[in-house]
Each structure stands twice: as structure tokens, then as C-alpha cells.
Amino acid sequence: MLTRVEDGPAIVVCNSCRFSKEAREDPAGRRGGALLAEALTAARDADPRYAAIAIQQMPCLFACNDHCTVHLRAPDKLGYVLGRFAPDADAADAILEYAAHYAASTHGRVPFGQWPQGVKGHFIVRVPPAGHVVES
């Protein structure tokens, strides 16, 4: 049921996510999550700033009301679930830019001024790392 993956900074993409709030698939029958995973991989591979960020896929993050969802995670850092993205290059660029700041942060907190416009309004939940809770 579980597959071991690298334990570094990663964007876990729900590859079975809906294409949009209204449509399950695009006109060619492809799911939005699969398209977003492809866009993220292409953007990561095209820019050396993102080389250390893994793009990992799995079916269903159980955030079905928020299509095209990703889980941003790294060891001993807060994790974030983001969604409601278009499965395209612009979303991939914004997610990866945020992920680069996230990977460079101490605990997973990225100052709001460093957030790319493309991720603002897309956060669904933050998740504390195992064995930790967030201080106020």
C-alpha cells in the first residue's frame, strides 16, 4: 500500500485529481492531476533552481472539493496542502517557486512577501511534522 520515496523536499501531486471544479477530465480524457504532475516535472527539469525538489505522484489526496491538489513536504518542516490550480505551466512555476523558498526555510514557514502570486489563495491546510505541533 505504501511505497518508500526520497525523504527530501517534495511536491506530492494527486495524479487522479479533477481537471477543474466543473469537469472531471479535459476534452482529451486526461485528469487535471496528471496534467499538473507533467507540468511540474517539466518546469522542475527546465530550471536548475528546482533540481532538489522531488515531484512525487500518488492517487487521491482526499481533497476532492479542491481540484488539482499538491502536498508540499520536507523532513521536520510544516507540510502544506494546496489546491484549486489550473493544471498548467503557470501554476507549476508558482508552486515550484514557493517550494524553493519552502525548502530553504528552517521550519517550512515562508514569509508572505516571498509567496508567488500564483499560490496565494490556494492553501487548504498546514500539517505539523510528526512529533511536533506549531507554537502560537
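A disulfide is a pair of cysteine sulfur atoms within 2.5 Å. This is a predicted model, in which local features need pLDDT of at least 70 and side-chain atom pairs count only at pLDDT 80 or more, while totals for chains, interfaces and linings use all residues. Residues are numbered from 1 along each chain as its sequence is written, and side-chain values use heavy atoms, with hydrogens and water left out.

**View 1. Cysteines C14, C17, C60 and C64**. A search of the whole structure finds zero disulfides. The cysteine sulfur closest to that of C14 belongs to C17, and at 3.2 Å it is too far for a bond. C14 is buried at 3% relative accessibility (buried means under 20% relative accessible area, exposed over 50%, partly exposed in between; 1.4 Å probe, protein chains only). C64 is likewise in no disulfide, with the nearest cysteine sulfur, in C60, 4.0 Å away. C64 is exposed, its relative accessible area being 54%.

**View 2. The aromatic pair Y80 and Y98**. Seven aromatic pairs are found in the whole structure; rings of Phe, Tyr and Trp (its six-membered ring) pair if their centres lie within 6.5 Å, and planes under 30 degrees apart count as stacked, over 60 as edge-to-face and the rest as tilted. Y80 and Y98 are edge-to-face, at 6.4 Å centre to centre and 90° between the planes. Because Y80 lies in strand β4 (residues 79-82) and Y98 in helix α2 (residues 89-104), the pair ties together parts 18 residues apart in sequence. Helices (H or I, at least four residues) and strands (E, at least two) are DSSP runs, numbered from the N terminus. Y80 is buried at 9% relative accessible area, and Y98 is buried at 2%.

View 3. F112 and W115 form a tilted pair, 4.9 Å centre to centre with 55° between the planes. W115 is partly exposed, with a relative accessible area of 22%.

**View 4. The largest nonpolar core**. This core has 28 residues, and those with the most contacts inside it are I11, L36, L40, V70, F85 and L96. A nonpolar core is a set of buried Ala, Val, Leu, Ile, Met, Phe, Trp, Tyr and Cys residues joined through side-chain atoms within 4.5 Å. Helix α2 gives the most to the core, with eight residues.
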